[in-house]
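Here is my note on the model, as numbered points. Please read it with the coordinates open.

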Amino acid sequence: MKSKQALKNIFSVILMQLAMAVSGFILPHFFITVYGSAINGMISSVTQFLSYLSLVEAGISAASVLGLYVPLANGDIDERNRMLSYTKKFYFHSGILYTLLLVILMIVYPIIVKGQADSITTRLMILVLAGSNLVDYYVLGKYRVLLTADQRLYVINNVQTLGTFLNVAVSLLLIYFRENVVIVKGAATLIYVLRSVIVIVYVRRKYERISFDYPCEKGAANNVIPQRWNALFHQVVGVICNNTDIVLITICLGARSLIEASVYYVYNLVNTTFSSLFNSLSNALVPTFGELFALKKDGELKRAYSTFEYIFLMCIAVLFSCMYMLFLPFVEIYTKGATDADYSRPLIAVLFVVMGVMQSIRIPSLTMICAAGHYKQTQYRALAEAIINFTVSIVLIFKLGIAGAVIGTICSYAYRTTDCIVYTSRHLVNGTLKKSLLRVLRNVLVSVVMCFVFSRFINGNVAGWGSFVLYGIVYAALTFVAVFAVNFLWEINEMKLLLNKVKGIVRK
């Protein structure tokens, strides 16, 4: 297992997520207070619709990464270039389809939100927000696939971190001078293009005889990039589950749909920050586990998975405990000055915490499913998740609004999380079910106890960012001690192995 590469990926993910958190928390606040909740809701809503359009990527990335593991491990340059050439071809065709669908969205979307946002501004915003995806399809995608499969995701992450901080600085400057919101978001797209140039230069210099123009045999694509359509199936389901809420809010809640979309966005901001961190860590480790699957190192795989799950569930316990205790104070401070929407909704805060926990618990087992390439074997399980999500959400949203949409997502996550844990134990890392369930139960119970003990001290005590940060540090420290102590006492040997592993990495 390439510990050094994995560690670089993990640290780069943490830095990148820190940068994205800074951007995600700072910029929307100014969009709300300077441009209004409707504009912020429109940006969020358009972003989700573009996520649906991104399905034209057709599972290329996941399937191509899977197909590159063996040639990269064996140093087979010709096979690597052949795979990358097919990847380039698929991305180009997907880009053409994406462009056509983008034109349709620019025509239809302003009609959906008619009267809530200027149609010209809306169409320009769609084009600007789609800019980074267009760059990805036509230019960057094939390079990102190669670096991901070769466990060099840290290159992309580090470049993105620098680009994100630059975007925050430029955007704040433009907002200060009250530039049009389209110009502000357009600056981000230009910075994305600059980031792409750095990645391309790195790949061209790093890889020997790199080529994306290997002769492609007609009709051989499915053999070269295995499970492409199965990976697409999972991608479709993932987009549906992760974006159904705000799309339904935009379509179903009438004249205030963009305002409600803005409220949803603010609450989802914290949840997205945590889930993005967890998912990015998972993505950073997928190639590492994928190599172990490809080389059939079962013993090493089982030990690595156990350690990964052990650490991961502890992190979930600490972070979501803090999220529960500080969620509502954060929203109230964050939206202070916004008078065009009611952002203080305690029930919504609780539901988002539950949703985040249910989504995150599955990540260790889902990482194994992706690393092993079990897309075909699990596609109908993923379909069931999407059906549950959409059905429950559409039934409840008209009566409960945002709460109804979130409850639908919680129901689907509860099913799929349980299924992922069971599937991994039965088919990928045998005999882990009991241990996994006990770990989940143990960490959830610790989190509930900590929230019960400390939540009574929070009401009325957090009035500004200073007290928010102070309470956050105290809660995080105390929760970490409690979670660490319980997990140490429950699994002493696992903790000792973890600490020894950390010592070994530090010495290197």
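1. The side chains of R439 and E309 are joined by a polar contact of 2.9 Å. A polar contact here is a pair of N or O atoms within 3.5 Å; within protein, one must be able to donate a hydrogen and the other to accept it, and residues adjacent in sequence count only if both atoms are side-chain atoms. A polar contact of 2.9 Å also joins the side chains of R439 and E491. R439 belongs to helix α17, residues 433-454, where helices (H or I, at least four residues) are DSSP runs numbered from the N terminus.

2. On provenance: this is a predicted model, in which local features need pLDDT of at least 70 and side-chain atom pairs count only at pLDDT 80 or more, while totals for chains, interfaces and linings use all residues. Residues are numbered from 1 along each chain as its sequence is written, and side-chain values use heavy atoms, with hydrogens and water left out.

3. Is R439 buried or exposed? R439 counts as buried because its relative accessible area is 0%; buried means under 20%, exposed over 50%, and partly exposed in between (1.4 Å probe, protein chains only). Leaving aside neighbours within four places in sequence, R439 is in contact with S306, E309, Y310, L313, E491 and E494, contact meaning heavy atoms within 4.5 Å.

4. T378 sits in helix α15, residues 375-400. The relative accessibility of T378 is 0%, so this residue counts as buried. The T378 side chain reaches the backbone oxygen of H374 at 2.7 Å.

5. The aromatic pairs come to 21. Rings of Phe, Tyr and Trp (its six-membered ring) pair if their centres lie within 6.5 Å; planes under 30 degrees apart count as stacked, over 60 as edge-to-face and the rest as tilted. One of the pairs is F49 with Y109, edge-to-face at 5.4 Å centre to centre and 70° between the planes. Because F49 lies in helix α2 (residues 37-53) and Y109 in helix α4 (residues 77-112), this pair ties together parts that are 60 residues apart in sequence. Both F49 and Y109 are buried.

6. A tilted pair is formed by F289 and F308, with 5.7 Å centre to centre and 40° between the planes. F289 is in helix α11 (residues 257-294) and F308 in helix α12 (residues 298-334), so the pair ties together parts that are 19 residues apart in sequence. F289 counts as buried at 1% relative accessibility, and F308 is buried at 9%. Elsewhere, ring pairs link F25, F330, Y334, W465 and F468 into a cluster.

7. Which residues have the most contacts inside the largest nonpolar core? They are L50, Y109, Y267, F289 and F327, in a core of 150 residues. A nonpolar core is a set of buried Ala, Val, Leu, Ile, Met, Phe, Trp, Tyr and Cys residues joined through side-chain atoms within 4.5 Å. Helix α12 gives the largest share of this core, 22 residues. Not counting residues up to four places away in sequence, Y109 touches M42, S45, V46, F49, T122, I126, T250 and L258.

8. C315 is partly exposed at 34% relative accessibility, and C370 is partly exposed at 26%.

9. S23 is placed in helix α1, residues 3-35, and is buried at 12% relative accessible area. Leaving aside neighbours within four places in sequence, S23 is in contact with P28, T164, N167 and V168.

10. V128 is in helix α5, residues 119-129, and counts as buried at 17% relative accessibility. V128 touches V182, K185, G186 and T189, not counting residues up to four places away in sequence.

Notes:
Helices (H or I, at least four residues) and strands (E, at least two) are DSSP runs, numbered from the N terminus.
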